[in-house]
Amino acid sequence: MGFRCGIIGLPNVGKSTIFNALTAAGAEVANYPFCTINPNIGIVSVPDPRLENIARVINPSKFTYTTMEFVDIAGLVKGASRGEGLGNKFLGNIRDVDAIVHIVRCFDDPDVAHVHGVIDPAGDIEVVRMELLLADLETVEKRIQKLERSAKGGDKEHRSEVELYHMIRESLGRGIPVRDIELNPEEEAVLREVNLITVKKVLYVANVGESELREGSGYVTVVEEIASADGSEAIVICGDMEAEIAVLPEEDRREFLEDLGLRESGLQKLIRTGYNLLGLITFYTTVGSELRAWTVPEGTRASHAAGKIHTDMERGFIRAEVLHYEDFVRAGSISAAKEKGLIGIEGRGYVIDDGDVVYFRFNV
């Protein structure tokens, strides 16, 4: 499994339309708020030319792409942090994802009602942002109350945690999400216990009509400026067009995109941008006659990467035999790379590099 991304936004911004186009999972789509009540989940393969190149050379009996899971979460409304709409269910679902894909409506369509009656990307983003901040603020307040009771008994560890949470509360109160607060590793570990929402990175998706996709839109400019100010990324997707592309054969899909002057589909753009934003990399394993791609964060050590495959492999880790993708391409095969001494023997502290082909040795 790759990473889990929650698709969020106000009602009727096109979340389920884009979800269907990305995953072909058949989520219900309708023109009324809260059409999505229980989250729809779809798993998609991550496009990977390197995996395909390796497969062409070694001819495995099976090769498997890494995946990304998309969760289409019910539309959020103002007051969700106080339980308005489907607030509690929404906020509970979003705590379980690794990252947030925030769909922002950037199209005019009189046939699709806007929950606030006017197209206003900046206002829509602010509603969602404020509700997530308020939800975290409530979580932190409850944590402080609990810790202060323990600290009164002389627990020094809890006193230091109280100080941390007071600082987080003050920052949230000033509108600063947790991801923008400078924290040390120990503080990050403490906060993981409460699974705050605003610690998660956000990718903004401006959902446009086909005319805006061709000609540009002032709505999109607004979203891009907000994303830049947040230190995030914004991409443009036409949900309706992606739905058309999703059902086409591969060759027709490429031709369709070329006619529009596009190099990649919305899915490819979303995954590529998301990987960059989240600092994700891909490595490959060959076991027997199978080839497989895996996703891990940058900086992952070899033993932890082995644990991604199976906990026994991390527990009984001996070494990693590593071939860099570029060396594989130059050598032409794994056996040729071995003859040329291009395969490195690495210990558990080795940091996996993007594109590494790895064979893990372990014993349990």
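A salt bridge is a side-chain nitrogen of Lys or Arg within 4 Å of a carboxyl oxygen of Asp or Glu. In this predicted model, a search of the whole structure finds 15 salt bridges.

One of them joins arginine 169 to glutamate 141, with the closest N and O atoms 3.1 Å apart. The pair links distant parts of the chain, 28 residues apart: arginine 169 belongs to helix 5 (residues 156-173) and glutamate 141 to helix 4 (residues 121-151). Arginine 169 is partly exposed, at 26% relative accessible area. Glutamate 141 is also partly exposed, at 28%. A further salt bridge connects arginine 272 and glutamate 264, where the closest N and O atoms are 2.2 Å apart. Arginine 272 is partly exposed, at 41%.

Arginine 361 and glutamate 321 meet in a salt bridge of 2.9 Å, N to O. Arginine 361 lies in strand 12 and glutamate 321 in strand 10 (residues 317-323), so this pair ties together parts that are 40 residues apart in sequence. Arginine 361 is partly exposed, at 34%. Glutamate 321 has a relative accessible area of 15%; it is buried because this value is under 20%. Shared partners also join Glu126, Arg129 and Asp230 into one salt-bridge network.

Strand 8 (residues 280-287) pairs with strand 12 (residues 357-362) in the parallel sense, over two bridges. Threonine 285 has valine 358 of strand 12 as its bridge partner.

How values were computed: Residues numbered from 1 in each chain as written. Predicted model: local features only at pLDDT ≥ 70, side-chain atom pairs only at ≥ 80, totals over all residues. Heavy atoms only, no water. Pairing = 2+ DSSP bridges. Helix = DSSP H or I, 4+ residues; strand = E, 2+ residues; numbered from the N terminus. Buried < 20%, exposed > 50% of the residue type's maximum accessible area, 1.4 Å probe, protein only.
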